[in-house]
Amino acid sequence: MVNTGKKTIFSGVKPSGDLHLGNYLGALSQWVELQDQYDCIFCVVDYHAITVKQDPADLNRRTLEIVKHYLASGINPERSIIFQQSDVTEHTELAWILNCVARMSDLNKMTQFKDKAGENQENVSVGLFDYPALMASDILLYQTDAVPVGDDQVQHVELTRTLARRFNQQFSEVFKIPEVVIRKEGARIMALDDPAKKMSKSGQGAAGYIALADTPEEAEKKIMRAVTDSGDSVIYDKEQKPALANLLTIYSLLDHTPIKDLEASYRGKGYAEFKHDLAGVVKKFLAGYHLKFNCFRDEDVKEILKQGMAKAQPLARETIAKAKRAIGININR
Ligand code: TRP
């Protein structure tokens with residue numbers, strides 16, 4: 001990336017499960033827009049995926065798939081850096097240094113760890129506990145200004161800020177303190193079978209989410225089976241009609257139609273007609289998405305990752321060199 005004077009954005013997706021419509025609407029499609037204003041770095045964070053058990057062949061396949069999702073969504077490798085975390089070894093190197101800055105009490109506060117480990121805290125990997133230090137390393141290596149994430153990751157970005165400040169204070173000003181960018185209002189997509197839960201690849205059964213790899217017909221069935229609320233008028237009311245509000249949000253974002261206009265066009269019509277039309281919108285979106293996704297061959301993706309690595313590495317090296325010097329390592333070279 002040439003130095004354009006723009007601010008830097010960093011974000012990443014773990015190759016550990018199927019991406020779904022919530023990932024697209026809440027993250028990928030918004031990242032595409034950020035490319036206009038920022039220098040963007042989008043990583044496939046494979047070292048994060050192995051904090052829980054992964055099948056090696058699946059991990060490799062999914063890594064390439066995440067890149068295809070980035071590209072199909074409209075992320076442009078000519079403008080943004082797309083790379084694989086493990087290709088830039090400075091990520092794990094800085095993570096170790098940050099491990100020595102982080103305290104047990106910092107990591108013990110992380111609610112995602114408690115949720116994920118549940119009753120099983122003694123048997124999950126140390127990596128799962130330590131994951132936020134690696135995430136902090138990802139962000140800080142690139143002197144990132146802003147990190148777009150979902151609300152489940154805000155605490156990790158706050159920890160990143162804490163570690164950066166502590167390091168800067170204890171040693172010298174090495175790291176920029178990154179800001180969190182919370183996704184746009186309305187882009188938090190909920191599960192189709194339970195509007196109280198976020199749409200997620202791990203949280204529910206397949207009926208709750210529409211995978212970006214679902215066939216248009218599978219997606220249609222899921223929309224038709226999605227829970228709705230009592231009553232029959234199509235109006236956006238998050239409190240009284242959370243399921244419908246979620247479906248209206250999906251419709252509005254995919255069809256680029258304001259919710260107000262949807263409410264107006266469904267006045268006097270019932271849920272059935274609305275869902276039928278929404279199913280059509282989702283089907284059309286997925287068909288177009290698959291066409292784009294399938295254009296990219298594994299060879300193309302590998303080449304993009306190689307070029308991304310070549311762009312990311314010098315940036316990471318500059319920061320790690322400063323960090324090492326600050327703590328008294330490699331000073332004489
Ligand atoms: N932890 C993030 C998630 O689960 C993924 C991630 C890893 C990330 N490193 C990051 C996101 C750095 C933003 C910045 O979604």
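Reader: Is phenylalanine 113 buried or exposed?

Author: In this predicted model, phenylalanine 113 has a relative accessibility of 11%. Buried means under 20% relative accessible area. Phenylalanine 113 therefore counts as buried.

Reader: How are the rings of phenylalanine 113 and phenylalanine 129 arranged as a pair?

Author: The two ring centres lie 5.1 Å apart, and the ring planes stand at 75°. Planes over 60 degrees apart count as edge-to-face. The pair formed by phenylalanine 113 and phenylalanine 129 is therefore edge-to-face.

Reader: How many residues apart in sequence are the parts that the pair of phenylalanine 113 and phenylalanine 129 ties together?

Author: Phenylalanine 113 belongs to helix α6 (residues 111-117). Phenylalanine 129 belongs to helix α7 (residues 126-141), so the pair ties together parts whose separation in sequence is 16 residues.

Reader: With which side chain does the side chain of histidine 156 make a polar contact?

Author: Leaving aside neighbours within four places in sequence, histidine 156 is in contact with Met110, Gln112, Tyr131, Pro132 and Met135. The polar contact of its side chain, at 2.8 Å, is with the side chain of glutamine 153.

Reader: Over which ring does the charged end of lysine 222 sit?

Author: The charged end of lysine 222 is 5.3 Å from the centre of the ring in question. A charge sits over a ring only if it is within 6 Å of the ring centre.

How values were computed: Residues numbered from 1 in each chain as written. Predicted model: local features only at pLDDT ≥ 70, side-chain atom pairs only at ≥ 80, totals over all residues. Heavy atoms only, no water. Polar contact = N/O pair within 3.5 Å; in protein donor to acceptor, adjacent residues only side chain to side chain. Contact = heavy atoms within 4.5 Å. Phe/Tyr/Trp six-rings, centres within 6.5 Å; stacked < 30°, edge-to-face > 60°. Helix = DSSP H or I, 4+ residues; strand = E, 2+ residues; numbered from the N terminus. Buried < 20%, exposed > 50% of the residue type's maximum accessible area, 1.4 Å probe, protein only. Lys NZ or Arg CZ within 6 Å of the ring centre and 35° of its normal.
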